[in-house]
Amino acid sequence: MHLSLWPGKPYPLGAAWDGRGTNFALFSENATQVELCLFDNQGRETRLLLTEVSNFVWHGYAPSVGPGQRYGFRVHGPYKPQAGHRFNPNKLLIDPYAKAIEGDIGSGEETFGYCWNHHDHDLSFSELDSADAIPKAIVIDDLFDWEDDALLQTPRHQTIIYEAHVRGFTKLHPEIPPELRGTYAGLAHPAAISHLQSLGITAVELMPVHHFLAQPGHLVAKGLHNYWGYDSICYLAPYSGYSSSGTHGEQVVEFKQMVKALHKAGIEVILDVVYNHTGEGNQLGPTLSLRGIDNAAYYRLVEKNPRYYMDFTGCGNSLNVRHPQVLKLIMDSLRYWVLEMHVDGFRFDLASALARELYAVDRLAAFFDIIHQDPVLADVKLIAEPWDVGEGGYQVGEFPLLWSEWNGKYRDTVRDFWRGEDSRLADFAYRFTGSSDLYQSNGRNPSASINFITAHDGFTLRDLVSYNEKYNQENGEENRDGESHNRSWNCGAEGETDDPEILKLRQRQQRNFLLTLMLSQGVPMLLSGDEMGRSQNGNNNAYCQDNEISWLSWHLQSDHEALLDYTRQLIDFRRQHPIFQRRKWFQGRAIYGSSVHDIAWFNPDGGEMTDHQWASDFAKAVAIFLNGEGIMTPGERGERILDDSFLLFFNAHYEAIDFVLPEGLQRWEWMVLIDTCKPRLISNVGDGVRYTQDKPVSVEARSAMVLQRLG
């Protein structure tokens, strides 16, 4: 292969085809030489020296190279791990700005910069060539007909999120052609979209789709696979393993087609992104991309011993977000996914790690300042997982304006309430009303709280009510992995049982959790499969289970069908009533001409809650009045919003409790719309049981009821 190379330009970084040729640009501050490596269809390699360097960007223009060209880089420089440098030109490196990668990364010894069996371990230098084990980046054509597609910008207070895995969601779907199952095209299939629409969700939050290290050595040795994908290698390329049409760049088009189809169905696409660490791991990890390009620039190294990595993530390394080029890489990636791939938002994995300017978490870190000033990103949905594994990393409630957060305190409080654990009713009240104690003081609204009971990490909803202990033996770590304190309750028997009373209680508990989630202020997030009673057999850390443990089963038993129907009805009920999706906080102030408030809290005896009762940790029952005439914030056209008024009764006690209608509410008649003892909502007004002042409301043990005001 005879190719010429012109000087080219330092920007944009990566491979940019202009219709006549391709410009290649790579940042490396400490390199001494960079080679562009081009591969033909037989795998033969041609190396071209990038002689032009501008502001540490090595660049060149190949006039005869176009879409479909496979390439990588070899970077020369000092191999001095004890000084933080790990350059090794024997290792083919993946372009961090690649927009498509052809396949999975190998796990052999040749991918490591050092010799496995050398007594100095990572201080040794490997001369094995890694080209055969490293997938090649692919030059692509960005042209795509989006027609009139645009970001949906669903109002945050009306958003309902569905956390899903691209592969697991459709892998077993019988109505999707086998060749499309587990792919972007499978998720775009009418059968998949129909399920999402029938649920009434407004956004899918996809677990990582950035190209990731799918076969780390420690899992390959166990016959397992990196299923979740939280080991990113390239932040602009969609993972090729989720493509139905090949690995030569078609995955980019297929991803765009998926987004376009979901948008047509009114469903936003939110990406779970992992900018806190990469799949290269610690000093004993492979050399795949950033480590070999410029280890000292891209990673946080221990200051007094830069052979080692700062690890705020528990995954071996942390990106050096203090470095301008690392910030640029993250920002360029985010903008690319919005502008070129049309995604509607991002959920940032272990986001606290991105806020560490030095060692402490700084909410005013450069990363957040830059995002707030960026016109592309300022109006998309930004969601933080507000913790990492470092000291001081738990930062729920501490993120700045524009950000929503996975509310871990909501999860923990609601789990404790329904399993009957001693906990303050005041905590439950804060979580149910949007967690104003966490988000109001810095100017945020209830939609800052992403409420969830379950997520990919932990028990499914069915397992939450079926297991007291985790069962992760199939992960090959002797059940040491995964969270041991799950705030779960098995309802009287561990795991599977045929006891009808226990099964009945478990079904009711699932409905209790779903009702609480969907009627709380804030943004509800539903874990994919929870609506159908999906179980992982007690595995609460199925990150390596690319099999039926993680995949959704679409062959539903009668109780699964009933739960699915209940979830659909419940989400529809929430969407019909603006009182459950307020833009602003409850004020609890009196409505003009009446002593009634926008929200009020009562004891079972009908009296208002006292300060002592709020603070006690043994109370398990509460009544909540929501006044449909007390919504003070106007609609999108400035109109006044009116809704029905509701009484909600929550009883987490092990015995039934009679609730007396509060004195100020006795002049109205009330009708039951929802009773979690029953598998369905009341569909027709007039069919529910009615209550007046002389008739107490009996709420069964561990159940909830919703009553609507009549007249």
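The model is predicted: local features need pLDDT of at least 70, side-chain atom pairs count only at pLDDT 80 or more, and totals for chains, interfaces and linings use all residues. Residues are numbered from 1 along each chain as its sequence is written, and side-chain values use heavy atoms, with hydrogens and water left out.

**The nonpolar cores**

Begin with Phe346, Phe348 and Phe650, which touch the most other members of the 173-residue largest nonpolar core. A nonpolar core is a set of buried Ala, Val, Leu, Ile, Met, Phe, Trp, Tyr and Cys residues joined through side-chain atoms within 4.5 Å; buried means under 20% relative accessible area, exposed over 50%, and partly exposed in between, with a 1.4 Å probe and protein chains only. Helix α7 (residues 324–339) gives the most to this core, with 9 residues. Helices (H or I, at least four residues) and strands (E, at least two) are DSSP runs, numbered from the N terminus.

Keep Phe346 selected and display its contacts (heavy atoms within 4.5 Å). Not counting residues up to four places away in sequence, Phe346 touches residues including Ile270, Leu334, Trp337, Val380 and Ile383. Then select Phe602, Leu665, Trp668 and Leu707, which are among the 19 residues of a second, separate core.

**Helix α6**

Select residues 290–298. Helix α6 is largely enclosed by the rest of the structure, because 8 of its 9 residues are buried. Among the buried residues are Leu290, Arg291, Asp294 and Tyr298. Their cover includes β2 (22–27), β7 (70–76), β9 (85–86) and α7.

**Cavities**

On a 1 Å grid over the protein atoms alone, a cavity is a set of points where a 1.4 Å probe fits but cannot get out, and a pocket is an open set with protein on both sides within 12 Å along at least five of seven lines; lining residues have an atom within 4 Å of a point. Grid points are joined across faces, edges and corners, and a volume is the space filled by probe spheres set on the points.

The whole structure holds 9 cavities of 30 Å³ or more. To find the largest, with a volume of about 130 Å³, select His165, Met207, Leu527, Arg534 and Ser550, which lie nearest its centre among 15 lining residues. The elements giving two or more residues to this lining are β11 and α1 (166–170).

The second largest cavity has a volume of about 60 Å³. Strand β17 (residues 381–384) gives the most to its lining, with 3 residues; Arg156, Ser404 and Val523 are also among the lining residues.

**The second largest pocket**

This pocket has a volume of about 530 Å³. Select Arg462, Met532, Gly533, Asp559 and His560, the closest to its centre of the 28 lining residues. Helices α13 (500–519) and α14 (558–576) are the elements that give two or more residues to the lining.

**Cysteines and an exposed loop**

A search of the whole structure finds 0 disulfides (pairs of cysteine sulfur atoms within 2.5 Å). Cys491 is buried, at 5% relative accessible area.

Finish at Leu143, in the loop between β10 (137–138) and β11 (161–164). Leu143 counts as exposed, with 70% relative accessibility. Leu143 and Phe125 are 18 residues apart in sequence, and their C-alpha atoms are 43 Å apart in space.
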